[in-house]
Amino acid sequence: MKKKMTLLLLSPVLLAVFWFASNSRAATETPEYKVIRTDDKFEIRDYPALSLATSPMAADGMNGGFGNLFRFITGTNETKEKIEMTSPVLISNTTESKTMSFIMPQATVSKGVPKPAGDAVSLTSLPATRFAVLRFPGGRNAENEKNAIASLRAWMTAQKLTGKGEPLFAYYDPPWTLIPFRRNEVLIRIEKDS
């Protein structure tokens, strides 16, 4: 009787642990990178070339881009193939446009990424790149992003590193992750010999 009661009491806990593990960033493929240097919360990293699915973002936020990309990986593509979700979601905000990208998993890249159905998603790539990176806390909002860019640029200046192009944001966690536990990063390209 005690064993059954213990099992009944532990079942919800075990289910919660299983759900969390299968829906967390730990259960999601992330790109491998090489850390060249670490300085407190700043890093210099080398990333390999990445295959991306990219969509424009609406001026009011993530919803349009995320919805387009989610439909693409759940089968709105020429082969109606389901593609595993990866982490992080990449957001680029240039003067011309704001885009969101999902990194394509290695298994999908190896066999060939299917073409998107329609023109809301395009297949793009990010060449092998060296980045200066800052991990920053909090939710995704303009103030946090602005402060993160300023901190990273100030560190780069102190380190005599020259950035190239616009910052890229990497958001690793699903939206239901509590804000204190989220992993957010801002990345700025730098010269390889930096």
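How many helices and strands are there in the protein?

## Overall architecture

In this predicted model, the protein contains four helices and nine strands. Along the sequence these elements follow the pattern α-β-β-β-α-β-β-α-β-β-α-β-β.

Of the 194 residues, 39% count as buried. The protein exposes about 11700 Å², of which carbon and sulfur atoms supply 60%. Among contacts between residues at least 6 apart in sequence, 69% join residues at least 24 apart.

## The second largest pocket

The second largest pocket has a volume of about 220 Å³. It is lined by 15 residues, and those closest to its centre are Leu 52, Ser 92, Thr 99, Leu 168 and Arg 189. Two or more lining residues come from each of the strands β3 (50-56), β4 (89-93), β5 (98-103), β6 (122-126) and β8 (163-171). By residue type, the lining comprises six nonpolar, seven polar and two charged residues.

## Aromatic pairs

The model holds eight aromatic pairs. One of them, formed by Tyr 33 and Tyr 47, is tilted, with 5.0 Å centre to centre and 40° between the planes. This pair links distant parts of the chain: Tyr 33 lies in the loop between α1 (2-22) and β1 (34-39), whereas Tyr 47 belongs to strand β2 (residues 42-47), 14 residues apart. Tyr 33 is partly exposed at a relative accessible area of 29%, while Tyr 47 counts as buried at 7% relative accessibility.

The rings of Phe 169 and Tyr 171 have centres 6.3 Å apart and planes at 20°, so this pair is stacked. Phe 169 counts as buried, at 4% relative accessibility, and Tyr 171 also counts as buried, at 8%. Tyr 33, Tyr 47 and Phe 131 form one aromatic cluster.

Terms used. Residues numbered from 1 in each chain as written. Predicted model: local features only at pLDDT ≥ 70, side-chain atom pairs only at ≥ 80, totals over all residues. Heavy atoms only, no water. 1 Å grid on protein atoms, 1.4 Å probe; cavity = no way out; pocket = protein on both sides within 12 Å on 5 of 7 lines; lining within 4 Å. Points joined across faces, edges and corners; volume = space filled by probe spheres on them. Nonpolar A, V, L, I, M, F, W, Y, C, P; charged D, E, K, R; others polar. Buried < 20%, exposed > 50% of the residue type's maximum accessible area, 1.4 Å probe, protein only. Contact = heavy atoms within 4.5 Å. Areas by Shrake-Rupley, 256 points an atom, 1.4 Å probe, with all protein chains shown as cover. Phe/Tyr/Trp six-rings, centres within 6.5 Å; stacked < 30°, edge-to-face > 60°.
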